[in-house]
Amino acid sequence: MSAPVLEVRGLSVAFGGDGRRRGARDAVEVVRGVDLTVEAGTCVAIVGESGSGKSVTARALLGLAGSGALVRADRLTVAWADRRDASEREWRRTRGVGAGLVLQDALVSLDPLRTIGREIGDPLRIHRRMSHAAARARAIELLELVGMPHPTITVDRRSGELSGGMRQRALIASALALDPPLLIADEPTTALDVGVQARVLGLLDEARARGAGVLLISHDLAVVSRIADTVIVLDRGAVVETGPTAEILGAPRHPVTRALIEAVPTEVPRGVGLTTRDRPVRSAQPVVEAARTASAASTTGRTPPPPPAPALEGIGLSKSFRVGAGTTHAVQDVSFRVERGRTLGLVGESGSGKTTIARLALALAAPDAGEVRLAGEPWSPLPERDRRTRRSRIGAVYQDAFGSFDPRWSVGRILRDALVAARRDPSDAAVTALLDQVHVPTDAAARHPLALSGGQRQRIAIARALAGSPDVLVCDEPVSALDATVQARVLDLLDELQRDHGLAMLFISHDLGVIRHMSDTVAVMRSGRIVEHGDAERVFTAPEHEVTAALIRDSPRLARGDGSAGFR
Amino acid sequence: GCTPAAESPEASGDPVTGGTLVYASGDGEPSCLDPHVGGNYPQALIAGQFLESLVSLDDSGEVIPWLATEWTASDDGLTWDFTLRDDVSFTDGTPLNAEAVKVNVEHLKDPDTQSSTGYLALGKVDSVEVVSDTVARFHLSAPDSALLESLTQPWNAIESPAGIARGMEENCLAPIGTGPFIVDEWVPQDHVSLVRNDDYDTGPADRAHDGAAYLDGIEWRFIPDSASRYAALQAGEVDIIDNAQPDTLDQAAKSGTLVEIDAPRPGASNRIELNSGQAPFDDVRVREAFIRAADVNDGIDALFFGTAERSFSVLSSVEPLAYSDETLFATDLDEANALLDEAGWTERDADGIRSKDGVPLTVRFPVSTNQSIPAEQSLFEQIQATAKEAGFDVQLEPLDLSGWYGALFTHEYEAVSAPYTKVGPDVLRILYHSDSITPAPSGYFANLAQLDDPELDALLTEAASESDPDARAALYEQAQQIILGGFYALPLYDQQNHFLHSPKLQGVRAMPTVSTPTFADAWLAD
Amino acid sequence: MSDLELSNRAVRGRALPRPPRAGTVAALAFVAFLAVATVAPWLLQTADPLAIAPREAFEPPSAAHWFGTDESGRDVYSRVIEGTATSLLIGVSATAIGLALGLLLGGLAGLGGRVLDFVVGRVNEVLFAFPGILLALLIIVLWGPGPVTATIAVGLSTAPGYARIIRGELVTVRSSGYVEAARVLGHGRARVLARHILPNALAPMVVLATLGIGQAVVWASALSYLGLGAQPPAPEWGAMLSAGRTYITTAWWLTVFPGLMIVLTTITTTVLGRALAARDGARR
Amino acid sequence: MPRSRTLRRVALRLAGAVFVLWAVATLTFFAVHLVPGDPAQAILGGPGSQASQEALDQVRADYGLDRPLAVQYLAMLGRLASGDLGDSYALKTPVADLIAGQLLGTLTLALLALVVAWVLAIGLALWSTSAGRIGRAIAAGIELTAAALPHFWLATVLIAVFSTSLGWLPPVANDQPSGLVLPVLTLAVPLAGFLAQLMREQMLDALEQPFTTSALARGETAAGIRLRHALRHAALPAVNLSGWAIGYLISGAVVVETIFARPGLGRTLLRATELRDVPVVIGVVLVVALVYVAMTVLTDLVSRAIDPRIALEERA
Ligand SMILES: Nc1ncnc2c1ncn2[C@@H]1O[C@H](COP(=O)(O)OP(=O)(O)OP(=O)(O)O)[C@@H](O)[C@H]1O
Ligand SMILES: Nc1ncnc2c1ncn2[C@@H]1O[C@H](COP(=O)(O)OP(=O)(O)OP(=O)(O)O)[C@@H](O)[C@H]1O
Ligand SMILES: [Mg+2]
Ligand SMILES: [Mg+2]
């Protein structure tokens, strides 16, 4: 095992200059002179911001960069075979055999119309001419290997019937089918809840232990720190820093690497900006603290005034859905309260009922039992007509900002519409003010959301929620679709807004780091119930419930060589 | 008449026995094979292959023996004795005798039979008396000079009494006669199989040979689409087609590989009747103006490729008593305009349509898409165009059959073309006697011109009872002069009845009665 | 090579708006031609489309008669031009009828409650189960043949298809994120319906309509074949086609040119529909 | 619990089917009666026969055509409920027998046409998605043109080419399989054009999905991608359309059966409408509706088999 399984020197990929008559633009180089070496039995991680060229690099390694792509390399040895001028036939001999590729979009990378047994069996059938029966038997073994529950049953399922984690594992199983010496995994853990994420990373670890070279692609340094031996940092298509994991993460030299590390929210205490470390955003005493101090002071008086009602309160909420033959108890007897100027973080594995609570809070769904109160007044029991005037008191930010915009409307129109709903003057000035608030250039008003970046879109969604000057903001996974640096900016924005306006926030995420960074109090959910509830720091440092403990254990954390804090 | 138009490329050889002829009919598929029921031309076409009549006609129009060897009428014309052949049985074994004739007439006159054509033809027959086994005596309510002609028609053919006794449903599927073929099977919308009657030895007196037919059988197919029908003949899928279209006739004649039989139907010619029962055609000047304005000669030439000859008579050219007057139909637009001005239709709108007292000169013209072939429909369009020059607004309304009948019933027409097939000039009585105008809102009426003239009625009634041929001819001529002179109809051409067949098929001819083809003497050469 | 092509597409995604294709440009040109033929046919005609000349019947295409003459000696080219208005009117209004009815049914099903959805679903199924041709036959025998009835017949028989698509769109849009967002903002039902649901659900209708027009013209021509279409002598493509069919072996030009117009119109509307769809897709 | 839900669904489905049949029968009944024209005329021989007033009255009494429409309607419903389609006015034979004799021909024609259309469409879609730009444009042209061909015209051209000029195939139907070729093609080609357009769109869509790249990464060939992945996705909407397509094909059969002189329901229907033969019209329409309903159930099953997401969605 002398030669590395993957050796790349000076890999460049350019798009656009493909000789098509129209679109005769100049070629755009998105990968520039990348060098890569993966030894057998090691794991190399490529990290970098979104769009830095990670996926393109990965695909280029299997000749899948696309016909519009111009790929050049001084050296391109994949599984010990030179693939610089490979024909399509030769490439096919590499794909699946020499190298397995786990694509970035796990949820859609399996054909929804074919059973996963077929999908996993494909490489065996193609490269080993195995019969269907034999391929299926092997597929079951592979599913066992990746820890799929009930492999004999699951093998005949199709991706639509599987959860995200199961799909990801099936995809890895198909990449492992021929036990290739090289495994390329492109963002294998995004959009997975922490438990599943931990299991998937375990799989990669096992593959490496079996002697395969693993090329892991991620923008999540916490994930990388867990298994990678070597880290390569990409920025705008070029390698800016490379070295052993501990070294890179412990003593980053390049600003890009530093920014990536700082963007990880776990390590940043509540109230400190993720993007602007020098200036903690909560320099001033929070409004609520002030109020609390005031009320504390007043307790010294004779008649203690009644404690101010919480901005949002759920009392004994239950909600179930009839699904097929059975009933899903999505939320069972859940109570919570969110004070003004404070954030309640809601965590829990996928399907634990977080979104359902958000919908109940927004009165998009009516609880089967219990009541939601807004500013101490009944909210959920009201008829929609009476709620409508108070809707501007509560705003919402969703994970899929794009899907929450009318595809026919410009940003300006979206915001004006929100102002109208809040009975505010929908003037251009008001729109500009909103955009300013979320730090989006004012010229975005004329644009379509399609013409904005993901982070900008999420900001527009926040701006829309702010149009009614709400007291409460419900955020359902507002940053999980964003990459780490963009996520950091959005989180900072939310923090800033909370500080400036005394917003109460119900913040939902499956990412413990994010929750920890954002929340004053935390509620941990499982199967529709809140299993633990308490002060954020307390919950994270001394979890009482095993679910919480497991979540914290599985949650990847940025491990540094020297274990010291990474920010100045 | 039967005139092979194209010369047979091969000289007729000796008849060959065997083979199944495939006939492709473009006429509607009958709903009942028994021509007693209802009674239309498609039924006549096929019934001629398995049913026979008491008498027939020869090429010159003379009545000749068939199942009846001789016949005599009493002096008052009220009783007729028919002597039957004594050696004939129906194909089910039932003997042909006077009783059988009696049963047939009664069957035709029974309302439950739902006979229309055959029933009308026997309108004056009261009853039939069995004088002996071979002599049947017809008792008439009035003298009927058309009786013999009527009896030549397939709609009055003689069927096995035992067959009739089976009831309508069964008899419709396979009527039993004495003809050269026997109905074997009927696959609706596809074909009727006919097989040879091996015992056949009858036939009209002018039949070419004795004994059974040469052909083993006939597959009688229904191919409604004319282009497909012709293509099938060209491809050799079928041996003979009816309702051949003018352009294909022309094409066939030019290629010389197919043989044509031109057999105009007897009775009325194809003509456009003008409804004189209501405005504007209740005014003879308007009728004449229309006829003068409508220019059809060039159109007939072009559309029919010379296969149809312009007619100037309301009777078919095969009717010996047809009276023709070309002078009445000369196209003359000035004359037409003058007549309309005179009749008070003086105002004209931007399109040139005339009106009188605010009523436009509209001619509603329902066209039966089932009965008028495309060429004829095009001709109507040309009439529409030329009549417009005189100021007529002709509104062609293509209708399906029921819709077309509906338009006639409710008198929602000013002009209509409705051919009528019947042997002999007595058809004039059916078409133009005022008795044929039924005021009822429903029910068929044949007098579509709504001609109501007592003088004409008298002539037609007298002619129908006149037994002297010359006197009869004179009466019919007078009647036709009244019809033509009154501009009640615009004659176009004979009812077209063209057959095309492959040269392999020989010995086929159209019956001089209603021009249906007969295959009793036909054979397929190799 | 095509592998690469495939993966390239996968990478690029579909959101990139494409420049107008040559096909779209040609289609637009043909639409312009059709528009002139509809509004001012005389600008394009070389002869009176109704003037008969029996002596000049069945003349093949020539300099004098570009598309030849028909069985009555009429100029086929001028008739084809003249027929544009009727044919397109049939296509457009049949599509309009189908869409209107489809909107009504689909709207009831997509916006009403579950019961209404079920009931409309059955009604729709009834319309679907009715053979289109029978519907046409019945309507035509009921009100007599002619362009109006042919239009109604074609319109009716296309309605259930539209209804189904519209319902589907409405259901999707109704449960979309932006409709929910609008509700959270506190907008009333009517406003959400008017501002969000209808515009978004109905946007694909433009595409559907363009596709429907060509099909409607084809349908109407089938009715003409059965003798149930336009009234003579008004030239209409379908009627011309079916009249000329009789002479297909002797005078091909009688069918080829009106047939070509039908095909071209269908292709044009489809191409434009696609272009619109692509634009709409890019915008989304 | 799941069983009772399934039962409920089946029951609902059946009730829906019965409703559809009832509505179709009712609509047809009233429509045919609203139509001008007289069934009595049909009973008396239709084309060219000259029935007398007495005969017409007689027939109207015999067939109960003089009774109020509502009474006639209820009588018809009663008959239908007991499974009796009645007797044809024109042919005097039971409608059920008549239809039984014609159904097979039309179904054979329609189903064969459906199959051929599918094969053609799949072929076209496979070809056009693998061809280059020019090939794709050609394929699109072919599809569009095919979809725009009126049946009657296509039939005529096919006859002119394959029978009259080349002499390969019979111009009218006969007992041999060769007689089916042209009618089936006539029906199949426009449908194939339509389906191919749909399938191509879907295939291109599928080929842009990440799972395609994923399959390529496993070493799948371009052909394998198309056959094993894209085709399935393309088949879904096409399968869903098949219920509609059967209706379309039966409508087309009216024309095709007439031109190719094939016995069948289409011709029966055309003729029965012309003659106002009410029992036959209702009978045919009911049978067509039944075929349609059966076909939708079938396509439903097939698409569920292809795509379990449908069932999942329904449950959600
Ligand atoms: N087929 C293509 N044609 C043109 N540009 C492309 C193509 N594929 C990728 N790009 C561009 O190449 C750049 C790198 O893309 P890539 O997908 O590799 O980013 P990434 O690092 O994987 O980001 P992410 O973390 O969001 O997955 C991006 O700017 C992208 O827009
Ligand atoms: N409209 C609905 N119909 C049926 N079941 C539903 C519906 N909405 C949610 N559920 C079910 O309720 C449970 C809780 O769902 P919910 O969306 O609240 O989970 P979540 O915690 O937000 O999960 P995730 O992290 O995956 O977003 C799940 O089992 C889900 O399948
Ligand atoms: Mg990527
Ligand atoms: Mg959720």
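**Salt bridges and a magnesium site in a predicted model**

Q: Which residue meets Asp70(C) in a salt bridge?
A: In this predicted model, side-chain atom pairs count only at pLDDT 80 or more, local features need pLDDT of at least 70, and totals for chains, interfaces and linings use all residues. Numbering runs from 1 along each chain as its sequence is written, chains are lettered from A and ligands numbered from 1 in the order written, and side-chain values use heavy atoms, with hydrogens and water left out. A salt bridge here is a side-chain nitrogen of Lys or Arg within 4 Å of a carboxyl oxygen of Asp or Glu. At 3.0 Å, N to O, the partner of Asp70(C) is Arg74(C).

Q: Is Arg74(C) buried or exposed?
A: Buried means under 20% relative accessible area, exposed over 50%, and partly exposed in between (1.4 Å probe, protein chains only). Asp70(C), at 6%, counts as buried. Arg74(C) has 2% relative accessibility, so Arg74(C) counts as buried.

Q: How many residues apart are Arg265(B) and Asp27(B)?
A: These two form a salt bridge, with the closest N and O atoms 3.6 Å apart. Helices (H or I, at least four residues) and strands (E, at least two) are DSSP runs, numbered from the N terminus. Arg265(B) sits in the loop between strand 13 (259–262) and strand 14 (270–274), while Asp27(B) is in the loop between strand 2 (20–25) and helix 1 (41–47), so the pair links distant parts of chain B. Their separation is 238 residues.

Q: Is Asp206(B) buried or partly exposed?
A: Asp206(B) pairs with Arg509(B) in a salt bridge, the closest N and O atoms being 3.1 Å apart. Arg509(B) is buried, at 17% relative accessibility. Asp206(B) comes out at 27%, so Asp206(B) counts as partly exposed.

Q: Which atoms coordinate the magnesium ion (ligand 3)?
A: Donors are N, O and S atoms within 2.8 Å of the metal (3.2 Å for Na, K and Ca), and water is not among the atoms, so sites may look incomplete. At 1.8 to 2.2 Å, the atoms are OG of Ser55(A) and OE1 of Gln104(A).

Q: Why does the pair Ser55(A) and Gln104(A) tie together parts that are apart in sequence?
A: Ser55(A) is buried at 16% relative accessibility, and Gln104(A) is partly exposed at 33%. Because Ser55(A) lies in helix 1 (residues 54–60) of chain A and Gln104(A) in the loop between strand 7 (99–102) and helix 3 (116–128), the parts they tie together are apart by 49 residues.
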